[in-house]
Amino acid sequence: MPLQDQLYSYFELDQRVRAMRSRLDGATRRRDAQQRKLEQLQQASAELNQQLKVAKAHAATLEGEADEIETRIVAQRDKMNNVTSNKEYSALLVEVNTLKADKSKIDDAQLESMTKADTLTAEYEALSAKVDSQQKLVAGATKDVAEAESEVGDKLKELEAERDAAGEPLDADIRKTFDRLSHTYDGEAMAEISEQDRRRMEYTCGGCYTLLPVESVNSLITKPDQLTTCGTCNRILYVSTELRESLAAGK
Ligand SMILES: [Zn+2]
């Protein structure tokens with residue numbers, strides 16, 4: 001088999017391997033993206049839950065303080081009912097009023113804390129719903145990965161083995177060139193030449209659409225065991241069987 005044909009069958013198998021792998025990679029990428037989003041939501045949910053606990057605890061502490069003051073107010077009032085002097089009564093009244101003012105401040109703060117806790121509860125519930133639906137998305141995406149794996153897995157291994165076997169007879173330097181180009185052009189290491197005008201010998205590179213020098217086209221046709229590359233994009237050039245046959249017939 002001439003080098004050009006060897007390369008082309010290697011190229012074709014590599015293209016098929018890449019297409020199959022991209023289906024699997026796509027599913028894995030989508031699953032990973034959904035998983036990351038879920039982790040972010042869970043993190044935010046845990047933080048919100050912590051804030052909620054703090055707000056609730058704060059409200060409970062304030063409630064305890066308010067109750068304590070209320071007990072003292074009741075006690076002072078009891079005393080006021082039993083005092084004998086006006087002076088003592090007035091002193092107790094001042095004390096009760098001070099306690100009332102203190103309690104009023106604490107009640108306000110407690111109300112604020114409760115309101116904050118309510119807001120946080122609503123936020124936490126909304127976020128929990130988001131976490132739930134995100135979990136469903138992750139489960140769906142994970143199923144897609146499993147499906148893609150069972151569908152593609154074995155076939156991919158077979159195809160990879162076939163491609164590797166096709167690459168076996170190729171010279172190490174040529175393989176290296178191919179792999180480098182494949183890396184640069186995302187699998188498109190080879191480009192088919194395209195006929196623009198046969199009479200004027202105008203052919204372009206199918207990769208970069210540049211007009212090819214006549215010598216390149218000639219060597220492609222006459223030296224199938226030689227590597228011919230595009231002078232502009234460096235892709236390895238090949239001629240379709242149809243074009244080769246029609247050119248051979250024309251000559
Ligand atoms: Zn080119």
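Q: Which strands does helix 1 (residues 3–82) lie across, and at what angle does it run to strand 1?

A: Helix 1 lies across strand 1 and strand 3, running at about 115 degrees to strand 1, where axes are lines fitted to C-alpha atoms, for helices over the stretch in contact (heavy atoms within 4.5 Å), and angles run from 0 to 180 degrees between N-to-C directions. Helices (H or I, at least four residues) and strands (E, at least two) are DSSP runs, numbered from the N terminus. The model is predicted, so local features need pLDDT of at least 70 and side-chain atom pairs count only at pLDDT 80 or more, while totals for chains, interfaces and linings use all residues. Residues are numbered from 1 along each chain as its sequence is written, and side-chain values use heavy atoms, with hydrogens and water left out.

Q: What makes strand 1 (residues 190–197) and strand 3 a pair?

A: Two strands pair if DSSP finds at least two bridges between them; three bridges join strand 1 to strand 3, and the two run parallel, with Met190 opposite Ile236 in strand 3.

Q: Why is Thr228 called buried?

A: Buried means under 20% relative accessible area, exposed over 50%, partly exposed in between (1.4 Å probe, protein chains only), and Thr228 is at 6% relative accessibility, so it counts as buried. Thr228 lies in the loop between helix 4 (214–222) and strand 3, and, leaving aside neighbours within four places in sequence, its contacts include Ser216, Leu220 and Ile236.

Q: Why does Cys205 count as buried?

A: Cys205 has a relative accessible area of 0% and is therefore buried.
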